[in-house]
Amino acid sequence: RGGGQLTDVCCLSEIKTPARSSEISSSSSSGAMSAGTPRSLASSGQKNIQDIRHPLCAAEESASSRSADALIHPGSGAATGGGEKDLSLPNGTPVDTSSPASSSSLLNRLQLDDDLDGETRDLFVTVDDPKKHVSTMETYITYRVCTKTTRTEFDLPEYSVRRRYQDFDWLRNKLEESQPTHLIPPLPEKFVMKGVVDRFSEEFVDTRRKALDKFLKRVADHPVLSFNDHFNAFLSAKDLNKRQGLALLTKMGESVKYVTGGYKLRGRPIEFAAMGDYLDMFTQKLGTIDRIAQRIIKEQTEFLMELREYGPVYSSWSSFEEELHDPLEGVSGCVSNCSSALDELTEDMSEEFLPVLREYVLYIESMKNVLKKRDQVQAEYETKLEAVVFREDKKTPVPTDVEKCQDRVECFNADLKADWDRWQNNKRQDFRQLLTGMADKNIQYYEKCLAAWESLIPSLQDKQEARGETN
């Protein structure tokens with residue numbers, strides 16, 4: 001996958017493992033649970049069955065009593081009292097419980113520094129030039145997708161194709177099907193409320209173009225998704241319909257679709273449980289900010305309408321006041337300048353601030369879906385593992401499907417952790433840019449208002465001095 005650029009994926013089912021134990025020795029003592037406990041699980045040289053937390057050790061631990069803070073901060077309370085064996089995954093990998101940030105202090109966790117990965121980019125994608133197409137059957141918008149690359153997977157160094165929204169949706173669905181262990185970036189929402197937003201307006205089309213451009217850039221920067229054959233077809237095929245028959249057999253597809261027959265997951269590992277808690281709280285924070293921001297925009301819009309009526313009143317008044325003509329016209333001009341500045345600030349919040357919040361709400365849903373898929377694979381593994389532990393014949397070899405299932409869990413864990421770190425890095429950069437831009441826009445707004453009113457002071461002072469000389 002891309003000449004060694006894939007550094008964060010470990011599909012152990014594809015790696016040749018050392019010779020595995022073919023038998024499970026049994027004890028001579030009697031007893032269903034104490035006798036004949038398998039000594040080793042034939043799975044890539046991993047731990048013995050009795051050393052694996054899921055499912056045998058889960059009931060003995062008090063993981064359910066841990067609070068969200070204890071999960072995130074390993075040095076507090078019960079997180080340290082039960083021994084360090086709790087801080088490990090089923091495959092023995094130590095858990096870095098500090099990776100998910102505490103959602104109670106979102107802005108404090110935003111590191112305002114460029115955390116670039118330094119990877120050499122060899123694929124550049126842009127979305128521009130939206131065009132409206134009208135036919136007897138439908139009206140739709142297409143966007144130009146331009147690609148420049150030095151990768152050998154492409155026949156040409158540059159491509160320029162036109163795609164509509166449903167083509168982007170097709171690509172995302174294909175990525176989800178063929179790469180179920182990875183976080184797929186979200187697309188902007190397809191449907192809009194009729195009568196509220198005109199989906200063919202210049203503002204809406206440009207906002208969607210920016211979102212589609214960000215979607216492709218995130219895929220292009222991903223060390224796995226960017227090498228997907230469907231992504232290659234999307235960027236290079238002139239007629240995408242001819243390539244839609246392209247299908248990749250997913251390594252995880254059967255496992256993800258597997259129904260565990262009502263089996264209840266014993267519990268996520270600590271790290272993934274902390275991820276789920278973080279996403280829940282992050283959703284609440286973004287939802288609150290989004291609601292308040294929309295209310296502010298509504299109030300600013302109403303205030304803007306008042307200002308546009310307020311300024312002309314002074315202008316009409318000045319025609320009846322000869323001595324106050326200039327000051328009144330100055331006030332009218334100041335109000336007009338302030339209303340223009342407020343209009344720019346409101347437009348920026350609507351077109352720049354809110355879309356980022358909504359994108360991350362959709363991002364959270366995508367991350368939750370990946371976590372659910374991981375849980376399904378873990379539940380399947382636990383089900384098969386229990387069947388091995390409690391079977392009567394202890395001398396038969398461990399079924400191969402148990403080994404493969406454990407490898408799937410490990411693969412899912414590794415891919416999800418890598419995508420989580422990448423998502424957190426992107427989030428820091430996005431919110432740094434968002435908050436910095438919001439601060440700049442507000443500063444510009446108040447500076448314009450201040451400059452407008454300060455420009456009126458000299459004319460008022462001159463008028464007062466002239467009156468004093470006359471007296």
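This is a predicted model: local features need pLDDT of at least 70, side-chain atom pairs count only at pLDDT 80 or more; totals for chains, interfaces and linings use all residues.
**Overall make-up**

The protein comprises 10 helices and three strands, and these elements follow one another along the sequence in the pattern α-α-α-β-β-β-α-α-α-α-α-α-α. Of its 471 residues, 43% count as buried, while the accessible surface comes to about 25900 Å², of which 51% belongs to carbon and sulfur atoms. Among the contacts in the protein with a separation of 6 or more, 74% are accounted for by residues 24 or more positions apart.

**Helix packing**

Two packed helices are described by the angle between their axes and the distance between the axes. The table gives both values, together with the handedness of the crossing, for the pairs treated here.

| Helix pair | Angle between axes | Axis distance | Crossing |
|---|---|---|---|
| α4 (residues 165-178) and α5 (residues 202-221) | about 30° | 12 Å | left-handed |
| α5 and α9 (residues 325-389) | about 45° | 12 Å | right-handed |
| α4 and α6 (residues 229-236) | about 165° | 9 Å | right-handed |

Helices α4 and α5 pack at an angle of about 30°, and since angles under 35 degrees count as roughly parallel, α4 and α5 are therefore roughly parallel to each other. On the α4 side the contact is made by Tyr165, Phe168, Leu171, Arg172 and Leu175, and on the α5 side by Arg208, Leu212, Phe215, Leu216 and Val219. By class, this contact of α4 with α5 contains eight nonpolar residues, no polar residues and two charged residues.

Helix α4 also packs against helix α6, at an angle of about 165° and with the axes 9 Å apart, an arrangement that makes α4 roughly antiparallel to α6. Here Asp167, Phe168, Trp170, Leu171, Lys174 and Ser178 in α4 meet His230, Phe231 and Phe234 in α6. The residues of the contact of α4 with α6 divide into five nonpolar, two polar and two charged. Phe168 and Leu171 of α4 take part in the contact with α5, and Phe168 and Leu171 are also listed in the contact with α6.

Helix α5, in turn, packs against helix α9 at an angle of about 45°, with their axes 12 Å apart, and that makes α5 oblique to α9. By class, the contact of α5 with α9 has four nonpolar residues, one polar residue and seven charged residues.

**Residues in helix α9**

With a relative accessible area of 15%, Val331 is buried, because the class of buried residues takes in values under 20%. When neighbours within four places in sequence are left aside, Val331 is in contact with Tyr314, Trp453 and Leu456. Val331 and Ala452 are 121 residues apart in sequence, and their C-alpha atoms are 9.0 Å apart in space.

Asp343 likewise lies in helix α9, and at 31% relative accessibility Asp343 counts as partly exposed. Leaving aside its neighbours within four places in sequence, Asp343 is in contact with Leu304 and Arg308. The C-alpha atoms of Asp343 and Thr301, which are 42 residues apart along the chain, are separated by 7.8 Å.

**Residues in strand β1**

Strand β1 covers residues 123-134 and includes Lys132. Apart from its neighbours within four places in sequence, Lys132 is in contact with Thr139, Tyr140, Ile141 and Phe200. For Phe200, which is 68 residues away from Lys132 along the chain, the separation between the two C-alpha atoms is 7.9 Å.

Asp129 also lies in strand β1, and with a relative accessible area of 29% Asp129 is partly exposed. Most residues other than glycine have a negative phi. The phi of Asp129, by contrast, is near 50°, a positive value in a residue other than glycine.

How values were computed. Residues are numbered from 1 along each chain as its sequence is written. Side-chain values use heavy atoms; hydrogens and water are left out. Axes are lines fitted to C-alpha atoms, for helices over the stretch in contact, and angles run from 0 to 180 degrees between N-to-C directions. Helices (H or I, at least four residues) and strands (E, at least two) are DSSP runs, numbered from the N terminus. Angles under 35 degrees count as roughly parallel, over 145 as roughly antiparallel, 65 to 115 as roughly perpendicular and the rest as oblique. A crossing is left-handed if the near helix is turned anticlockwise from the far one by less than a right angle, and right-handed if clockwise. Contact means heavy atoms within 4.5 Å. Ala, Val, Leu, Ile, Met, Phe, Trp, Tyr, Cys and Pro count as nonpolar, Asp, Glu, Lys and Arg as charged, and the others, Gly among them, as polar. Buried means under 20% relative accessible area, exposed over 50%, partly exposed in between (1.4 Å probe, protein chains only). Accessible areas come from the Shrake-Rupley method with a 1.4 Å probe; for residues, only the protein chains shown count as cover.
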